[in-house]
Amino acid sequence: MDREELVFRAKMAERIESHKEMVMLMNSLAERFSPLTVEEMNLLSVAYKNYSGTQRAAFQRLHATEQQQADLSDMQRRVLQDMKRKVKEELTDFCMEVEERIESSLLPAADSPEAKVFFFKMRGDFFRYIIELMSSEEGDVQKQKYTEAALLAYKSGHDLSAKALPTTHPIRLALELNFSVFYFEILRSPDRAIETAQLAFSQACDAIEHLSDQSYKDSVAILRFLRENVQRWENES
């Protein structure tokens, strides 16, 4: 298949919600053609997010069922734990595959600050997903390892975007959004989360009116999430 066909097949796989097929198609494209275009980077991100999102939601539902239902029989609890283990293993393996692909090929092939920030953000996100799956029994050393890796990825993207991308750029805003979530959910630092989100929000608002229509829509959508998160975190703090 050539580049155009791989892109079209990936779009159709997304449309019919064939998440695993979309991942395979976009991995094939990334292996054969580089650097990726903005459209291809977005398709790759959608493929990874859709597949991992389904698995994350499954894990969360199983965990909630196990925690909320006190009257489970031994058999039911054993089945839930077994299903959780399988989903966790599959999702962890997928996240590690994504991380290895970013480190070995996607980041080295990125030929613009925009692309580099995009993949730094993706790297931070997938380390964060691994951390979310880890239980207290797995030890602080392993969790600290992935926490430091996620922090480095987000900070690398943050520093580069501050130098090379406008404050209103959707990729810069998306990174700041997820970086602030990382501070709140993983590092348990609401003050830093609020500070990060508020700064990104205020800096972008000062220049938002100068954007083109499509960039305006993308940026405004992320700004809305930043504002909502700040409001929620301030209420919870």
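Begin by selecting proline 35, which lies in the loop between helix 2 (19-32) and helix 3 (38-68). Please keep in mind throughout that this is a predicted model. The peptide bond that joins serine 34 to proline 35 is cis, and its omega is near -5 degrees. Most peptide bonds are trans, and most residues other than glycine have a negative phi.

**The helices on either side of the loop**

Now display helix 2 and helix 3 together. Two packed helices are described by the angle between their axes and the distance between the axes. The axes of helix 2 and helix 3 come within 9 Å and cross at roughly 145 degrees. This crossing of helix 2 and helix 3 is left-handed. To see the contact itself, select His19, Lys20, Met22, Val23, Met26, Asn27 and Leu29 on helix 2.

**Asparagine 27**

Remain in helix 2 and centre the view on asparagine 27. Is asparagine 27 buried or exposed? Its relative accessible area is 14%, and because buried means under 20%, asparagine 27 is buried. The side chain of asparagine 27 makes a polar contact with the side chain of tyrosine 48, at 2.5 Å. Leaving aside neighbours within four places in sequence, asparagine 27 is in contact with Leu44, Tyr48 and Arg101. If you draw a distance between the C-alpha atoms of asparagine 27 and leucine 44, the separation is 7.6 Å, although these residues are 17 residues apart along the chain.

**The nonpolar core**

Next, select Met26, Leu36, Tyr48, Phe119, Met122, Phe126 and Leu226. These are the residues with the most contacts inside the largest nonpolar core, which has 71 residues. Which helix gives the most to this core? Helix 5 (residues 113-133) does, with twelve residues. Centre on phenylalanine 119 and show its surroundings. Not counting residues up to four places away in sequence, phenylalanine 119 touches Leu36, Met41, Leu44, Ile102, Leu106, Leu107 and Ala110.

**Along helix 4**

Move to arginine 85, in helix 4 (residues 74-109). Arginine 85 is partly exposed, with a relative accessible area of 40%.

**Helix 6 and helix 7**

Display helix 6 (residues 140-164) with helix 7, whose axes come within 10 Å and cross at roughly 145 degrees. Helix 6 passes helix 7 in a left-handed crossing. For the helix 6 side of the contact, select Thr147, Ala150, Leu151, Tyr154, Lys155, Gly157, His158, Ser161 and Ala162. For the helix 7 side, select Arg172, Leu175, Glu176, Asn178, Phe179, Phe182 and Tyr183. The residues of this contact divide into eight nonpolar, five polar and three charged.

**Threonine 196**

Continue to threonine 196, whose place is in helix 8. With a relative accessible area of 11%, threonine 196 is buried. What does the side chain of threonine 196 reach? The side chain reaches the backbone oxygen of arginine 192 at 2.9 Å. Leaving aside neighbours within four places in sequence, threonine 196 is in contact with Glu176, Ser180 and Tyr183.

**Two residues with positive phi**

Finish with two loop residues. Arginine 188 is in the loop between helix 7 (170-185) and helix 8 (190-205). Arginine 188 has a positive phi of about 55 degrees although it is not a glycine. Its relative accessible area is 65%, and arginine 188 is exposed.

Glutamate 17 is in the loop between helix 1 (3-15) and helix 2. The phi of glutamate 17 is near 60 degrees, a positive value in a residue other than glycine. Glutamate 17 is exposed, with a relative accessible area of 59%.

Definitions and conventions
Residues are numbered from 1 along each chain as its sequence is written. This is a predicted model: local features need pLDDT of at least 70, side-chain atom pairs count only at pLDDT 80 or more; totals for chains, interfaces and linings use all residues. Side-chain values use heavy atoms; hydrogens and water are left out. Helices (H or I, at least four residues) and strands (E, at least two) are DSSP runs, numbered from the N terminus. Buried means under 20% relative accessible area, exposed over 50%, partly exposed in between (1.4 Å probe, protein chains only). Axes are lines fitted to C-alpha atoms, for helices over the stretch in contact, and angles run from 0 to 180 degrees between N-to-C directions. A crossing is left-handed if the near helix is turned anticlockwise from the far one by less than a right angle, and right-handed if clockwise. Contact means heavy atoms within 4.5 Å. A polar contact is a pair of N or O atoms within 3.5 Å; within protein, one must be able to donate a hydrogen and the other to accept it, and residues adjacent in sequence count only if both atoms are side-chain atoms. A nonpolar core is a set of buried Ala, Val, Leu, Ile, Met, Phe, Trp, Tyr and Cys residues joined through side-chain atoms within 4.5 Å. Ala, Val, Leu, Ile, Met, Phe, Trp, Tyr, Cys and Pro count as nonpolar, Asp, Glu, Lys and Arg as charged, and the others, Gly among them, as polar.
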